[in-house]
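Student: I would like to learn how to read a structure that is new to me. Please take me through it one feature at a time.

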Amino acid sequence: MPDPANTEPSNAPALTIEGLRISAATEHGRVDVVDDVHLTLRPGRITGLAGESGSGKTVTGLAVLRLLAEPTLRVESGRILLGDLDLARLPRGELRALRGRRVSMVFQEPMTSLDPAFTVGTLIGEVLRRHLGMDRRAARERAVELLDRVGIPEPEKRVDSFPFQLSGGMQQRVLIAMAVACGPDVLIADEPTTALDVTVQAQILRLLRSLTDDGMAVLLVTHDLGVLAEHCDDLVVMYAGQVVETGPVDDVLAAPAHPYTAGLLAAVPSTARRVERLATIPGTVPPPHLLPAGCRFVARCPHAAPVCEEPVTLEDAGGGRSRRCARAAELDLEGVGR
Ligand SMILES: Nc1ncnc2c1ncn2[C@@H]1O[C@H](COP(=O)(O)OP(=O)(O)OP(=O)(O)O)[C@@H](O)[C@H]1O
Ligand SMILES: [Mg+2]
């Protein structure tokens, strides 16, 4: 008899980032803009990456695809593991062959990522021809199927449209079709809905969810914690270049382990929370050249104490959660119901 355990989908991570540090050349010299980032993407799951502007979300995503603007930005240390491959060390040519095939990315502004000179059929077909060696005809047929899959009506007609003939939401669907054309293990979606109106945003997020059915792992980057609360399975919170908290989204929302997460949650409108209680976190994120030696959130934290002046590491908190707060064990932070 077949062992049922063998038919279970593998729980191996789709992608793991360990101790990632990225520096940038700035007017203040070379400074770390991402430091000690750890995260795990699992097959079939959407992982949300949250944090205020400048926290290092985009730079982290770009590093996975080796799309950092080098030499201004560069990976200093850490590993980016896709199976046995360390993407941070892979020769550039080998990484280029994986991009679009095993790891893909979609960005905020669809129109700037779509070449206006070609029809959507040609654009999608080009991905299939380059990575899978399909001929023109097979690629076109597959492009129509992909347009259908990403929810574009009348795909046989739309395949001959130019990007400017489509709405912003449809353009984003085309970009997603290009990104998933080769069935990648990992899709990084960096603010994929920020430029779209709310209804279209919800449709695109549902599309991303449906694409995880085949086991693709998604990293959904956004500063909108409300979107993440609704659409992801796991949450990673970054602050000033570091991961400060990770865990299954329901657990983190119900009982955040880091005061920064709690502060973000207090600023999210929710049915369980009255509007007049909405708060914002006072102060701003310190720039990379002015980071304190200890906890980077200390100047804005309502729970700051002398111990917070000491450097603090990301510690495993059990239950798939981790946190970077010296006072985590003694704090009882308020979460939100879903
Ligand atoms: N090309 C660059 N040269 C120098 N510094 C850069 C460059 N790109 C990003 N940075 C710096 O790296 C840090 C992280 O930026 P990043 O764009 O990753 O933030 P983010 O979390 O994506 O913010 P947002 O929510 O605004 O998109 C910031 O301090 C930013 O100024
Ligand atoms: Mg960004």
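**Reading the fold, the core and the ligand shell**

Tutor: Begin with the secondary structure: there are twelve helices and twelve strands in the chain. Keep in mind that this is a predicted model.

Student: How does the radius of gyration of the chain compare with that of a compact globule?

Tutor: A compact globule of 338 residues would have a radius of gyration near 20 Å, and the chain has 21 Å, so the two agree. The C-alpha trace spans about 65 × 60 × 45 Å along its principal axes.

Student: What share of the residues is buried?

Tutor: Of the 338 residues, 42% are buried. Among contacts with a separation of 6 or more, 65% join residues 24 or more positions apart.

Student: Which residues have the most contacts inside the largest nonpolar core?

Tutor: In soluble globular proteins, nonpolar side chains tend to be buried together. Here the largest nonpolar core has 95 residues, and Ile-124, Ala-177 and Leu-220 have the most contacts inside it. Helix H8, residues 168-180, gives the most to this core, namely eight residues. Beyond its neighbours within four places in sequence, Ala-177 is in contact with Ile-124, Leu-146, Leu-147 and Val-150.

Student: How many residues surround ligand 1, and which are the closest?

Tutor: Ligand 1 is surrounded by 16 residues, of which Val-33, Ser-53, Lys-57, Thr-58 and Val-59 are the closest. Strand S1 (15-26) and helix H2 (57-64) are the elements that give two or more residues to this shell. The largest share, three residues, comes from H2.

Student: How do the shell residues divide into nonpolar, polar and charged?

Tutor: Six are nonpolar, nine polar and one charged.

Note on methods:
Residues numbered from 1 in each chain as written. Chains lettered and ligands numbered in written order. Predicted model: local features only at pLDDT ≥ 70, side-chain atom pairs only at ≥ 80, totals over all residues. Near = placed C-beta within 6 Å. Helix = DSSP H or I, 4+ residues; strand = E, 2+ residues; numbered from the N terminus. Nonpolar A, V, L, I, M, F, W, Y, C, P; charged D, E, K, R; others polar. Core = buried A, V, L, I, M, F, W, Y, C linked by C-beta atoms within 7 Å. Buried ≥ 20, exposed ≤ 12 C-beta atoms within 10 Å, placed from the backbone. Contact = placed C-beta atoms within 7 Å. Rg over C-alpha atoms; globule rule 2.2 N^0.38 Å.
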